[in-house]
Amino acid sequence: MNRTHHNGQLRIENVGENVQLIGWVAKKRNLGALVFVDLRDRYGITQIVFDESFDERLREVKNEYILNVEGIVVERSSKNPHLLTGDIEIQAKDFQIINKAKLTPMIIADETDALEETRLQYRYLDLRRPTMQKNIMVRHQITRSIREYLDQLDFIDIETPYLNRSTPEGARDFLVPSRVHKGAFYALPQSPQLFKQLLMVAGFEKYYQIARCFRDEDLRADRQIEFTQVDVEMSFMSTDQVLNIGEGMIAKVMKDVKGIDVELPLRRLTWYEAMERYGIDKPDTRFGLELVNLNEVVKDVDFAVFKNALESKGHVKGINVEGQAQNFSRKKIDQLTDLAKTYKAKGLAWLKVNTEGVQGPIAKFFNEEQLSSLLKAMNAKDNDLLLFVSDAKYEVVCDALAAIRNYLGKELKLYDPHTFDFLWVVDFPMFEYDEETQRYYAKHHPFTRPKDSDIDKLETDPEHCLADAYDIVLNGFELGGGSQRIYEQDLQERAFKALSFTQEQIDAQFGWFVEAFQYGTPPHAGFALGLDRIAMLLCECDSLRDVIAFPKNTSATCPMSKAPTEVVKAQLDELGIGVIEVESKSE
């Protein structure tokens, strides 16, 4: 198989050359005296022309057969501007069938009518589609760019264990039974967090890894149970230095992969600013529709819904959907109301502004002065639609309006879907309070360092204690984040105490890790970015599954290999494991 060129390589300057190509038959067209075959490999497509002397041998050739073709490059009389090789074609001299193919259960082309489950079942065929191959190649370009960048900055690529002990990191662990130590289990890593910090204790100073991570959690379009993250840790660096390294890496990736120059430094919003303006800590900043805090504006309005929320020390916020009042019927507003209710809001209040005044169910509760103040606060003009959510809980108001804002941004086409808008969100809360268990939990993880100005709040005011933590956000998606880490023993003990850990719990879950901090731990910080999510956004896909070679479906199964599966009893006996049969809910 002496292939001289790949199928995306030949150009008009190659006319007259004798070439040999190999590839899959993407399409075969019989025009009587001539037969045209589009030969495809991962580089592209080249058109092959067979004359009538090949009729007998070509009859059995079908789509997805692999051919080895020899011929002469000639200029096409009818050129195809959509193909890189569209100026030429190959006048076939001879060919061989390297391998045959059954009729495929799906169309092998950019556009396919196959359901996603079929695509996953025959993933090796789905991956032949040029659009899927392009996605996987973009992912490769991203990782290559990242490695080049970090290598230039003297970072060291170090692998960390896949098999370790179970530690609480926010999601369920995948457990692996030990044959040697029956009844004991390893856990697959949710992240290399503890080990990368230990590498700082070990004195490597600059570490990175393209790390596989595992979390046993429910799936959705932008989440998989096994995923890849770009994991970075460094010693003796300030937060500004860490962010500069992170955004420099992003800028190089965008230039290398998309040819886009990202303006640095990236914008920074505090967590509180993001919540106040966008209702979410991963805001899509490609469009406006910013939230407006109306607590002071409506405090004297005699509307029970607003009044009850404010009396409970709650909040009233609104957004101005500019120029859309006439386009939103009551039915459409009811749809927005239903969306708000899925985020635990009790409802959605609204007003329409027009030349005749203000109309809507709640207009009657405002006097003229109050209405004037409201319109001024929301910068309302003719034909604007004003939407309001109120609740005793801040997060309910923010969650509901953020969901409505994101929905409207997409529905009303308020942004260019081909743009990329990055920013940092900084100064996260150190803790979040859980009403059910009546205790604080770490917003990120127990080793996140509080801001120096807020260290004393660990004991006195944990609700308002800020962490020296940061997330990088792109188009409404959290790409990843990180923090400065606690490196002093006494401060770590205070953080554990704020999280209501007993000494027994600390010893059982983190004893091996905390012990290392007694031997001279450097100040250190880091971040981790989701490689799958970066690839999804740069490929402009709607699902992580389109940028992962062999993903799981939403049921966390592989339709191709049928994993997970039961195993034979002998394997279970060897591990000392028994399986309890549980009746399904349907039974």
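Helices (H or I, at least four residues) and strands (E, at least two) are DSSP runs, numbered from the N terminus. The model is predicted, so I note that local features need pLDDT of at least 70 and side-chain atom pairs count only at pLDDT 80 or more, while totals for chains, interfaces and linings use all residues. Residues are numbered from 1 along each chain as its sequence is written, and side-chain values use heavy atoms, with hydrogens and water left out.

Is Lys-100 buried or exposed? Lys-100 is exposed, at a relative accessible area of 53%. Buried means under 20% relative accessible area, exposed over 50%, and partly exposed in between (1.4 Å probe, protein chains only).

I then listed what Lys-100 touches, leaving aside neighbours within four places in sequence: Glu-60 and Tyr-65. Contact means heavy atoms within 4.5 Å. Lys-100 and Glu-60 are 40 residues apart along the chain, and their C-alpha atoms are separated by 9.2 Å.

**Whole chain.** I counted 16 helices and 22 strands in the protein chain. Of its 587 residues, 47% count as buried. The C-alpha atoms fill a box of roughly 90 × 75 × 60 Å along the principal axes.

**Helix 7.** Helix 7 covers residues 271-278, and I found Trp-271, Ala-274, Met-275, Glu-276 and Tyr-278 buried in it. The cover over these buried residues includes strand 13 (315-321), helix 11 (394-411) and strand 17 (422-426). After helix 7 comes Gly-279, with a positive phi near 80°.

How do the axes of helix 7 and helix 11 cross? They come within 9 Å and cross at roughly 60°, which makes helix 7 oblique to helix 11. Axes are lines fitted to C-alpha atoms, for helices over the stretch in contact, with angles from 0 to 180 degrees between N-to-C directions. Angles under 35 degrees count as roughly parallel, over 145 as roughly antiparallel, 65 to 115 as roughly perpendicular and the rest as oblique.

In this contact, Tyr-272, Met-275, Glu-276 and Tyr-278 of helix 7 meet Tyr-394, Cys-398, Ala-402 and Arg-405 of helix 11. The contact residues divide into 6 nonpolar, no polar and 2 charged. Ala, Val, Leu, Ile, Met, Phe, Trp, Tyr, Cys and Pro count as nonpolar, Asp, Glu, Lys and Arg as charged, and the others, Gly among them, as polar.

**Backbone exceptions.** Most residues other than glycine have a negative phi, and most peptide bonds are trans. I looked for exceptions. Asn-475 is not a glycine, yet its phi is positive, about 50°. Asn-475 lies in the loop between strand 20 (469-474) and strand 21 (477-484), and is buried with a relative accessible area of 7%.

Lys-562 also has a positive phi, near 70°. Lys-562 is partly exposed, at 49% relative accessible area, and sits in the loop between helix 15 and helix 16.

I found a cis peptide bond joining Ala-563 and Pro-564, with omega about 0°. Pro-564 lies in the loop between helix 15 (531-538) and helix 16 (569-575). The bond from Leu-264 to Pro-265 is cis too, with omega near 0°. Pro-265 is in the loop between helix 6 (239-258) and strand 11.
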